[in-house]
Every structure is written in C-alpha cells, then in structure tokens.
Amino acid sequence: MSRFTASDHAHMARALQLAERGAFTTKPNPMVGCVIADGARVLGEGWHVRAGEPHAEVHALAAAGAAARGATAYVTLEPCAHHGRTPPCADALVAAGVTRVVAACRDPFHQVSGQGFAKLEAAGITVEHGLMETQARQLNRGFFSRVQRGRPWLRVKLAMSLDGRTALASGESRWISSAASRADVMRWRARAGAVLTGIGTVLADDPRLTVRFEDDTPFVPPLRVVLDERGRLPRKAGLLTDNAAPTLAVHGEDIVPDYGDEVQAFAVRREGGGLDLHAALSQLAQRGVNEVQVEAGATLSGAFLKAGLVDELLLYVAPVLLGERGRPLFAGLDPACMEQRLGLRLVEIRQIGPDLRLLLVP
C-alpha cells in the first residue's frame, strides 16, 4: 500500500502543473513547482519562473505566509541546500516552520543531491520522496540528462508526408506540414536550450531557427548551433544577421574559420566522416544546455540516430504524398533483414491542425 494519501497525490500533481509553467524560462535550471498545504487545503503555490530569480518554494511560502507553520510542502525536486544565485530553499522551509516535505525526486546535482533532504531532517522536518517521481523526471529529462549523462537530451524534429518523405527530390520542403504544426514547433523550440542544424541545411534553406510566438509569451531564446565541419558558414547567413538569439558554430579542430564577431565557436575532432557528435553534445552540456532540438536534413538526423544519441523523435505527419523520389527521414539506415530494423516506442499521438504529431523514443 502506498504511504502517500489521495491529497498527497493531488498536491504533487498540481505542483507538477505549476512547474511546467517555467518550461520556456528556467533554463538552464530545472522546472520546479511547489504547493504548501494543510491536509486537502492549499495554503500557497509557486513555481520557479526564471534562472537567477526566487525558486518555487520561496514563492509558495510567500503566498502561504504564517499559515505555512505546521504545514506540508510538496515540491517536484529536492529543495536546494547550497548558495547559488539565490539562498538555499531548504533554509527557507525550515525558517517557515513546515513540519513535512514531500518531494517527487532527489536532485542529481552534486551540490544538492541528498543534502537538501539532510538539512531538512536535521531541523526535525519529516521528509518523504518518490511521489510521482517518473513524471517529475520526465518533465526535467533534459536537466537529468545533462547532470547524469554529461550530455543534453536530444530531440530530432522532422516533418514528413504519408509516404515517409521529408522533401521532394529537388530538396524543396516548404511546407510539408501545416501552419498549425509550425506554430507548435515554436513551443518545442522555446523549451530547448539549443536548436541545432547542419551546414547543409543552412546553405540550402538559410533558416533563422528563432522562436516566433504570435503573443507575448515569455521565453529565453535557445542557442542556435550549426555543425560546420569545414567552416563554410556564410557571413550573410540568417543565423548571423538575425540577432534574435546567439549562434554557435562547431567546426573541425584542424581548421581556423573566420566567422567574425557575430558567432561563438568551438572545435571538435573529426570522426567517421563527420564531426564527433558525442564531443559536440558534451561541450553543449558544459555550456548549460539541457535539451537540444535537432532541425536538420536526413544526413545529420541519420548520423545522430546511428550514433545512438537520439532520445526522442518529434514527427509531424502531413496528409500529403511526395512520391518515391522524395528524400527520406534518415539517411544511412540500411538494415539487411527485419531483425535489424530499428524499433521505436510511441509515447504520444496528437492531431495538430490537419497533421498528426507523433512523439517516439528509440
């Protein structure tokens, strides 16, 4: 029998809803929500809005005021115990006089992991964790990936026709999916720490890779990353002339490209006819990138897939046919028999305008 009550589940579910409100603004910090409650009665709510600003617990305690004394705090991630840009949340909970803290999961960050719980317990507060842990880890899958695996969570976004093509034989691909799907992509871009493409896509399509909302939804612009093995990124590329977001170029370590002052850059070694993708992602993790959204052609998308680096596939399927000479989703995949085929697990399917949006994991 679960040690958690129905009220515990309800409050944590609400805390997770609150946490998601920071999806576009908290990076590189994790999304965190908090509910202060006495039994079924909610006393205060809060979420982490933006990196460098007060954490979820502080907002919830401020809303609860003196009523927090003797109450339970439900938080989606272990309260921090260290001084970063803000004071420790564990100290705030102790000072407020809560008597119980229920956390969804332990914080994997080495300066927090277990120490927040220990500080609370040392103050006589009852600490329980593990409630809705799967949902909490899924919400912050990028943060957990960066901290525990040393690389960002990698999502490949593609749009295809019903016959599995991403472009005509000529390379023309605008637009396979609908305006509704393209608007939906903006929300996925906004939650990413970086949007990544290859130099081939830049030279062919000159994308901006910016987040464009029709309303005033707040967001932190994701870093734009281009894998540019031989340093061919043109000075007039939209990634450089559009200053709505920073741009980072990744090139081979055997060249010294001349990008000018508009772009950051770093080098990685060459591997298997291209750049070392593992090294590139490791460098992005060191720069605080939790999630990478790949928006590229079949060659680079296929390279990430073959390297075992694709964590999820965001696929928009449009009700159109492009014919047998159209370009495939992934290049370089050639299973010799059915036993070698690559299986995917369908996580979610949703209709977006006339299209279907599939979320899959290998």
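These legends walk through several close-up views of one predicted model.

**About the model.** Residues are numbered from 1 along each chain as its sequence is written, and side-chain values use heavy atoms, with hydrogens and water left out. Since this is a predicted model, local features need pLDDT of at least 70 and side-chain atom pairs count only at pLDDT 80 or more, while totals for chains, interfaces and linings use all residues.

**View 1. How confident is the prediction along the chain?** The score to know here is pLDDT, the predictor's confidence in each residue, from 0 to 100. For this chain the mean pLDDT is 92, and 98% of the residues reach 70 or more. Helices (H or I, at least four residues) and strands (E, at least two) are DSSP runs, numbered from the N terminus. Where pLDDT is low, the predicted coordinates should not be read in detail.

**View 2. Two domains meet.** The domain assignment (automatic or from a database) gives domain 1 (6–142) and domain 2 (150–361). Taken over C-alpha atoms, their centres are 34 Å apart. Contact means heavy atoms within 4.5 Å, and 11 residues from domain 1 and 19 residues from domain 2 take part. The area buried between the domains is about 1,200 Å², with carbon and sulfur atoms giving 53% of that. Buried area is the accessible area (1.4 Å probe) that two parts lose on being put together, summed over both. Which residues of domain 1 lose the most area to domain 2? They are Phe 24, Lys 27 and Arg 141, together 58% of what that side buries.

**View 3. Rings in pairs.** A pair of aromatic rings is described by the distance of the centres and the angle of the planes. Rings of Phe, Tyr and Trp (its six-membered ring) pair if their centres lie within 6.5 Å; planes under 30 degrees apart count as stacked, over 60 as edge-to-face and the rest as tilted. By this rule there are 3 aromatic pairs. Phe 143 and Phe 144 have ring centres 6.1 Å apart and planes at 85°, so they make an edge-to-face pair. Phe 213 and Phe 219 are edge-to-face too, at 5.5 Å centre to centre and 85° between the planes. Ring pairs link Phe 24, Phe 213 and Phe 219 into a cluster. Phe 213 is buried at 19% relative accessibility, whereas Phe 219 is partly exposed at 25%. Here buried means under 20% relative accessible area, exposed over 50%, and partly exposed in between (1.4 Å probe, protein chains only).

View 4. Leu 77 sits in the loop between strand S3 (72–75) and helix H3 (89–96), and its relative accessibility of 3% makes it buried. Leaving out residues up to four places away in sequence, Leu 77 touches several others, including Pro 30, Cys 105, Phe 143 and Phe 144.

**View 5. Backbone angles to look out for.** Most residues other than glycine have a negative phi, and most peptide bonds are trans. Lys 27 and Pro 28 are joined by a cis peptide bond, with omega about 10°, and Pro 28 is in the loop between helix H1 (6–20) and strand S1 (33–38). Met 132 has a positive phi, near 60°. You'll find Met 132 in the loop between strand S5 (126–129) and H5, buried at 19% relative accessible area. Leu 209 also has a positive phi, about 55°. Leu 209 lies in the loop between helix H8 (199–205) and strand S9 (223–227), and is buried with a relative accessible area of 4%.
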